Amino acid sequence: MGLLDLSRKLIMKASAIRAVQRIDELGAISETDDGLLRQFLSQANLRAAEKILEWMSLLGMHCEHQADGTIRGILSGSNPTAKPLLLGSHIDTVAHAGKYDGALGVIAALAALEDLLESGCTLPFPVHVLGFSDEEGVRFQATYLGSRAVVAGLDESLLSCRDAAGDALRDVLERDGWHDGAAHFRYAPGDVLGYVELHIEQGRVLEEAKLPIGVVSGIAGQSRISITLKGQADHAGTTPMPLRRDAMVGAAACVLAAESLAHAHSPLVATVGQISLSPNVSNSVPESVKFSLDFRHPDDEQRVELLDLLSHQFHQIAQQRDLEIHWQVVQESGAVACDDFLIEKISRAAKKVTGRCLTLASGAGHDGVMMQQIGPIGMIFVRCLKGLSHHPDEYCAPEDIAAGIDVLVEFLNSFHEA
Ligand SMILES: [Zn+2]
């Protein structure tokens, strides 16, 4: 450790040092020895939930859990019947995960409350800290199960989803759920002052800007398309180039078209991440290629417009190469805007702590997508090393974590003065 790092560490508050230790402690709770994994309704997920409840009770919070493993700590404040402000994030992880994604949001919220309590501040409204048991959707291929459950409940179609072992969510919940003393918490629209989540950025915008903290303007809308191009399989040695109907070359042109469009229309991002071809042998001209397109933009109108444009380009490419094209929309979710008032409050808090503040859109989905059904949402992003996430090397510097906690404290202080 260099002298500068050491001095930064020395001036860190006890709450921030504890938060960093807790990240490590929670990061050690895993289903597998081979990298971090905490899926929905796994023993590791429940153990992590128990650990966080322990920390919540140290703050004197009223602690509860649901059968699905989502947890809640309540700090009543001076007016326990007032509408609460919700803080938190998710406690599940992907496979070979990093230890900051999700966990930091819950741990930082507790650290901020610890600082407030220590300074003698009593908030005039209750704060609920939530730890959602599922956001990543790894086990049942359905995202936001934890936050979905507290705002809308899990419907029949979700309860019928099956995991890789073939077990239905309904049965797994019955068998492995945390039923002992379980509460059932729900929020209806208008029940809350808002939901504020701190999360690692999972991108490189803050790192490029040399800033520890950013304020999220909204969560990008997303389209997922499955495209199939069909040409003709031919002998790779005997078919002259002008006579070919090569689906793979058509797909390559499409991938480049998607890339050019995204470059020309920032902040659009477009990714072809999955591809399969047939017959997939080295000496045949490919007959058909199926590939995915992940297409995201913070503005829904522009996303739809640009996707139309790209669809038109793909059809042109297919026509020029005498290929059939099948374009299928697999999934579509609208953009979610963060609340202007919360953005303003978080920005001011961030400026106070770090000197300046950057507003950026989130390309990744977050629990706010669900929580905006019941009230305004706000998000604080914390810089992470190289933007790396969903990876064991995911890293967030202790001083950035400390800055994130300070921003939350400033935000909470200014929020109740509003
Ligand atoms: Zn996350």
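Visitor: How many residues does helix α13 have, and how far does it reach from its first C-alpha to its last?

Guide: Before we start, this is a predicted model, so to speak: local features need pLDDT of at least 70, side-chain atom pairs count only at pLDDT 80 or more, and totals for chains, interfaces and linings use all residues. Residues are numbered from 1 along each chain as its sequence is written, and side-chain values use heavy atoms, with hydrogens and water left out.

Now to α13, residues 398–415: it has 18 residues and reaches 25 Å from first C-alpha to last, close to the 26 Å expected at 1.5 Å a residue. Helices here are DSSP runs of H or I with at least four residues, strands are E runs of at least two, and both are numbered from the N terminus. The expected span is 1.5 Å times one less than the number of residues. The helix is mostly covered, with 14 of its 18 residues buried. Buried means under 20% relative accessible area, exposed over 50%, and partly exposed in between, using a 1.4 Å probe and protein chains only.

Glu410 sits in α13 and is partly exposed, at 24% relative accessible area. Its side chain meets that of Lys352 in a salt bridge, 3.3 Å from N to O. That term covers a side-chain nitrogen of Lys or Arg within 4 Å of a carboxyl oxygen of Asp or Glu. The partner, Lys352, belongs to helix α11 (residues 340–354), so this pair links distant parts of the chain, 58 residues apart. Lys352 counts as exposed at 63% relative accessibility.

There's also a network of salt bridges that links Asp406 with Lys13 and Asp115. A search of the whole structure finds 19 salt bridges.

For comparison, take Arg303 and Glu332, whose side chains also meet at 3.3 Å, N to O. Arg303 lies in helix α10 (residues 300–320) and Glu332 in strand β13 (residues 324–333), so the pair ties together parts 29 residues apart in sequence. Arg303 counts as buried, at 4% relative accessibility, while Glu332 is partly exposed at 47%.

As for cysteines, the structure holds zero disulfides, a disulfide being a pair of cysteine sulfur atoms within 2.5 Å. Cys396 is in none, and the nearest cysteine sulfur, from Cys384, is 6.7 Å away. At 1% relative accessibility, Cys396 counts as buried.
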